[in-house]
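Here are some notes for a colleague who is meeting this structure for the first time. Please read them with the sequence and the model side by side.

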Amino acid sequence: MFELKKTEGKARRGEFTCAHGTVQTPVFMNVGTQGAIKGALSAEDLKNIGCQVELSNTYHLHLRPTDKVVREMGGLHKFMTWDGPILTDSGGFQVFSLSSLRKIKEEGVYFASHIDGRKIFMGPEESMQIQSNLGSTNAMAIDECIENPSP
């Protein structure tokens, strides 16, 4: 649930409450692309520096260690020993960042894995299934990055 707390001009501050906690917005999300924050920070360290939510990458976790392995280990919260909110993207950033390794079709995106060239298909249903396997608190249905500058 999102509650708008204050506005000033076009700026707004709010609070987002979900199953694993409350997040004050706007928020900086620590990025743990493959289920770990780089820099040897523990979950306790993250809490001590005020981390409210962690962002993990659906595409990368699908490739390794695989979303099925993460599910068998109890989901990202147990995998990372993080009990706060976790947001997972839909794989949309890789559509942008791995543009030379993908083909966009109406039904979704076909990738050649950046690791071994293996073919990977990610449509909306596949992305949501992967994020479900990961045990994400907040799953992005579709996110798409646009080029900068953008018309």
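1. A disulfide is here a pair of cysteine sulfur atoms within 2.5 Å. In this model, which is a predicted one, the number of disulfides is 0. Cysteine 18 takes part in no disulfide, and the nearest cysteine sulfur to its own is that of cysteine 51, 12 Å away.

2. The backbone deserves a careful look, because most peptide bonds are trans and most residues other than glycine have a negative phi. A cis peptide bond, with omega at about 0 degrees, joins threonine 25 to proline 26. Proline 26 sits in the loop that runs between β3 (21-25) and β4 (30-31).

3. Another cis peptide bond leads from arginine 64 to proline 65, where omega is near 10 degrees. The loop between α2 (58-63) and α3 (67-72) is where proline 65 is found, and threonine 66 is placed in the loop between α2 and α3 as well. Although threonine 66 is not a glycine, its phi is positive, at about 95 degrees. How exposed is threonine 66? With a relative accessibility of 27%, threonine 66 counts as partly exposed.

4. Threonine 81 likewise has a positive phi, of about 55 degrees, without being a glycine. Its place is in the loop between α4 (76-80) and β6 (86-88), and threonine 81 counts as exposed because its relative accessibility is 59%.

5. Which residues are closest to the centre of the largest pocket? The largest pocket has a volume of about 400 Å³, and of the 25 residues that line it, those closest to its centre are Gly92, Val95, Val109, Asp143 and Glu144. Two or more lining residues come from each of the elements α5 (92-97), β7 (102-105), β8 (108-112) and α6 (124-134). Sorted by class, the lining of the largest pocket holds 11 nonpolar residues, together with 7 polar and 7 charged ones.

Conventions: Residues numbered from 1 in each chain as written. Predicted model: local features only at pLDDT ≥ 70, side-chain atom pairs only at ≥ 80, totals over all residues. Heavy atoms only, no water. Helix = DSSP H or I, 4+ residues; strand = E, 2+ residues; numbered from the N terminus. Buried < 20%, exposed > 50% of the residue type's maximum accessible area, 1.4 Å probe, protein only. 1 Å grid on protein atoms, 1.4 Å probe; cavity = no way out; pocket = protein on both sides within 12 Å on 5 of 7 lines; lining within 4 Å. Points joined across faces, edges and corners; volume = space filled by probe spheres on them. Nonpolar A, V, L, I, M, F, W, Y, C, P; charged D, E, K, R; others polar.
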